[in-house]
Amino acid sequence: MLESYTWEQIEGPSVPLSNTNTITAGFTAPAVYQQTTYGFRLTVVDDEGGSTSDEIRITVISVNPDDDGDGMDDLWEITNFGTLDRNGSGDADGDGATDLMEFEFGTDPNVPQGPSEPSIVSPDDIEVTQFQPQLVITNADHHLSFEVNYQFEVYSDPEMTQLVTRVDAVAEGTDGTTSWTVDTPLSENTSYYWRVRPMVGSCSVSG
Ligand SMILES: [Ca+2]
Ligand SMILES: [Ca+2]
Ligand SMILES: [Ca+2]
Ligand SMILES: [Ca+2]
């Protein structure tokens, strides 16, 4: 005759077991962010002091890869940040790509991956004959998976306080350079100053 049943957990993160002294123990599957295996051992003792035990393993799978609903897979968050606390809008490595973008690009959220400063190709300190010149830059260096676009600004003063025109998101050119044609006629015999700024993100305007 069997005298006692004893269930104990032998594998996986600790979970509360119920009815551990009966033949049918139970536990509530906890929320997991990755497949997790729980192991249990049942030991039975009979009235003559003999005992035997058996083990079972139960694997709990994550049905929702993004339990906290921030767009980043929870396993990716744990792997890269050790926590689910980040919500995607931050930029852990300060490279201009938010954590959520890095998840989508498949890049490393803890390693800065550009963009560097782009350089000006033309016009650079020269006279131009067009009223709407084309501004050309050499693309910034950045991780190939980064989607980068450029903001161009044209000013009428060297201190760059008097904005003449600007465009926010010119898609990066595929030949190593990016260009934008000034969208408003400039005045004759006047000096203008321009600059460009790379930004990581989705592109809203093509140029
Ligand atoms: Ca998440
Ligand atoms: Ca999160
Ligand atoms: Ca980043
Ligand atoms: Ca990065």
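Contacts between residues 24 or more positions apart make up 54% of those in the chain with a separation of 6 or more, as computed from what is a predicted model. Of the chain's 207 residues, 17% count as buried, and the buried nonpolar residues described below include a largest core of 10 residues and, apart from it, another core of six.

**Overall architecture**
- The chain contains two helices and nine strands, and these follow one another along the sequence in the pattern β-β-β-α-α-β-β-β-β-β-β.
- Because the radius of gyration of the chain is 31 Å, well over the 17 Å that the globule rule gives for 207 residues, the chain is more spread out than a compact globule.
- The C-alpha trace of the chain spans about 110 × 25 × 25 Å along its principal axes.

**Nonpolar cores**
- The largest nonpolar core is made up of Leu135, Ile137, Tyr150, Phe152, Val154, Val170, Trp180, Val182, Trp194 and Val196.
- At least two residues of this core are supplied by each of strand E5 (134-138), strand E6 (148-155) and strand E9 (193-200), and the largest share, three residues, comes from E6.
- Another core, of six residues, lies apart from the largest one, and its members include Ala97, Phe146, Val148 and Val200.

**Contacts of one core residue**
- Val182, which belongs to the largest core, touches Gln132, Pro133, Leu135, Val154 and Thr165 when residues up to four places away in sequence are not counted.

Notes. Residues are numbered from 1 along each chain as its sequence is written. Chains are lettered from A and ligands numbered from 1 in the order in which they are written. This is a predicted model: local features need pLDDT of at least 70, side-chain atom pairs count only at pLDDT 80 or more; totals for chains, interfaces and linings use all residues. A nonpolar core is a set of buried Ala, Val, Leu, Ile, Met, Phe, Trp, Tyr and Cys residues joined through C-beta atoms within 7 Å. A residue is buried if 20 or more other C-beta atoms lie within 10 Å of its own, exposed if 12 or fewer, and partly exposed in between; C-beta atoms are placed from the backbone. Helices (H or I, at least four residues) and strands (E, at least two) are DSSP runs, numbered from the N terminus. Two residues are in contact if their C-beta atoms, placed from the backbone, lie within 7 Å. The radius of gyration is taken over C-alpha atoms; the globule rule is 2.2 Å times the number of residues to the power 0.38.
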